[in-house]
Protein chains: 2
Amino acid sequence: MPKAPTSADVAREAGVSQSTVSYVMSGKRPISEKTRRRVAEAIDRLTYEPHAGARALAGHRTSTIAVVMPLRQASSAERLMIFVEEFTYAARRRDHDVLLVTADEGAAGLRRVAGRSLCDAIVVMEVGSHDARVETARGLAVPVVFVGIPDDGEGLDCLDFDFEGAGEVIVSELAGLGHRTVDVIGWGEDVHAQGFNYIPRFTAGAERAARRSDVRLRWHRASTGEDVRRAVDNARAASGVPALAVVTAIPETLHALSERRLRPGRDVDVVALTTGFVSEADGLTNVSTRPRDVSRRVMERVFGLIDGDLATRGGADLVPASLTRGGSTRSRPADRPAGPADNHREKEAS
Amino acid sequence: MPKAPTSADVAREAGVSQSTVSYVMSGKRPISEKTRRRVAEAIDRLTYEPHAGARALAGHRTSTIAVVMPLRQASSAERLMIFVEEFTYAARRRDHDVLLVTADEGAAGLRRVAGRSLCDAIVVMEVGSHDARVETARGLAVPVVFVGIPDDGEGLDCLDFDFEGAGEVIVSELAGLGHRTVDVIGWGEDVHAQGFNYIPRFTAGAERAARRSDVRLRWHRASTGEDVRRAVDNARAASGVPALAVVTAIPETLHALSERRLRPGRDVDVVALTTGFVSEADGLTNVSTRPRDVSRRVMERVFGLIDGDLATRGGADLVPASLTRGGSTRSRPADRPAGPADNHREKEAS
DNA sequence: TTGTAGGCGTTATCAC
DNA sequence: GTGATAACGCCTACAA
């Protein structure tokens, strides 16, 4: 195993000084075309790669973004993977890598990766409404971007999907179909227990739309398939055609409906909040939580902060909610716009 | 933003030399209890954290494990997340971190993270039967552990679930129920196209069991819900009670059966290969691919190699397949053992 | 446009 | 049991 070449080796091979090699790599100094070529050739003749630790030590930057994962129950695996993927791709486009940190390290994890100079910035996923990491973040030497909107996030860099808008859009849509009662298949007790900020936000939006449209909401917290079946039966017991807002357990709900021979779009109106690419969700009237858009905006923010773009700093950004009509709701009584829903409608580049 | 304290600051605060601080932290030298305490106090008085880059530079180790993710289509998001989680937890237990690398970097990605001294070891997920990364790995300065069994993996460190055994167990079980034909809902064309080694392995196992039990296998490559429905109809067209081996698209298959009012365990025998914790899979007769066990064994191997345990080096390990009977198959005609299936049955500590 | 040299914060080898 | 001190490989003023 021959020792790895250093920039000094490259310098010798190219007949230049070590610092010239460094400048060729960083581009922080004008270099004549001739020496640039000689150095470049030496570099790949030796298959030289710079030592990341030495770089971090001398250069005060690590080219690494730390990403704090959520606890397992918190989110759909699909949504999570999309985030992780997009973060990693975005980082690579800027010649950075992603270091994973698990949520169970808590605030100490943030202090660790920042204190040890393991990263240039931190992304915290699934922040809670009251989250110890929020206060910790304020004192760190590296910028922190939160995915989610904590209650005490003054001046922090937060970014998330607009769950409040989603609640509004979904309820408004069902109200527009003439429903006076909407049953919500909501997050289970276990998820509530974790205090994620998006639950109250979604709830607030839904309730606001309900008040405005004089609709009654019935919330069902569903963790298991059994919970879902109970909620569906409950919804059916009431009036004629039930209205379902499904924010979790979409496959289970569709299955329960199928068992009862209730076809969405005919015997029941279903609007879903989709978090990933559940194949059964195809064709559903739904609001997507747009994980790719959220992740991209998060990373734009991250690099904005790293680059010192003052314009990027501080405040909460929301990725707007928009509804896509599908076959799981009956056609609308009139052709009139969906009301408040339209305030949130947006077409965005994929 | 006060500058981060260094070990020199700690030394001054504790009234010892800088090297003593280093030895207190590493424990590589006997230290008197008195100075150990003084140093420890100084450390948390200053909230000192060692600089990872400096450590890597001087110590020739990074305390980081690089994990190469699979391409997106390759695996279920749930299975993936379990791997990533387990890798990260296992790494933390040994005071290491996980750096993510995406599959699209290919072999160059391995060279990059190894060449730049970004990690002490690399884990490559979802290796293909013929994978350029296999050859690259042989020349690297850091150990590489592959999840999967490539064809040309002589002397490499490979580890995976025993897909071949799984194929055997599943077909044997259905044969034992008296079936002479088994329909396999198999991986779609898109997955086949990627050349993952586990597909031929599963196929070989299934075919061997089929020959032995004089069973005919009918393979259906299913990517979409439509493919699944077609496969199910096909299976039904044949004999009385169909036998289904479901290795992918489990929810879609169950949905298709439900649509057709075929109840697993009564109108159809279903044995599934489960890759995550699909809620609908509860109670199914199934063989789990045991992602947690696989990940743990992978990390044991990784740290074995890092520690230089020669015993750990080289060769392919398989996590054995075992079948769990559930309600999706009818009770067995006799009480006799499942035959070949039992060769693979194993109880392992969770 | 290029070279020289000091320093980044550890680890580990010598001495004592 | 403890203290100096030379690497480790790169970045970046400062000079030329």
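Across the interface of chain A and chain B, 6 salt bridges are found, a salt bridge being a side-chain nitrogen of Lys or Arg within 4 Å of a carboxyl oxygen of Asp or Glu. One of these joins the side chains of B:Glu49 and A:Arg116, with an N to O distance of 3.1 Å.

On the side of chain A that touches chain B, two or more residues each come from H4, helix H5 (77-93), strand E2 (97-101), helix H6 (106-115) and helix H12 (250-259) of chain A. Here helices (H or I, at least four residues) and strands (E, at least two) are DSSP runs numbered from the N terminus. H5(A) gives the largest share, 9 residues. By class, this side of chain A has 19 nonpolar, 11 polar and 16 charged residues, with Ala, Val, Leu, Ile, Met, Phe, Trp, Tyr, Cys and Pro counted as nonpolar, Asp, Glu, Lys and Arg as charged, and the others, Gly among them, as polar.

This is a predicted model, in which local features need pLDDT of at least 70 and side-chain atom pairs count only at pLDDT 80 or more, while totals for chains, interfaces and linings use all residues. Residues are numbered from 1 along each chain as its sequence is written, chains are lettered from A and ligands numbered from 1 in the order in which they are written, and side-chain values use heavy atoms, with hydrogens and water left out.

In total, 46 residues of chain A are in contact (heavy atoms within 4.5 Å) with 45 residues of chain B. The buried area, the accessible area (1.4 Å probe) that two parts lose on being put together, summed over both, is about 4300 Å² between the two chains, and carbon and sulfur atoms give 56% of it. E2(A) and strand E2 (residues 97-101) of chain B run antiparallel and are joined by 3 bridges, with A:Leu99 having B:Leu99 as its bridge partner.

Phosphate oxygens of DNA strand C lie 2.7 Å from a side-chain N or O atom of B:Ser7 and 2.9 Å from one of B:Arg55. For B:Tyr23, a polar side-chain atom is 3.1 Å from a base oxygen of DNA strand C.

Methods: Polar contact = N/O pair within 3.5 Å; in protein donor to acceptor, adjacent residues only side chain to side chain. Pairing = 2+ DSSP bridges.
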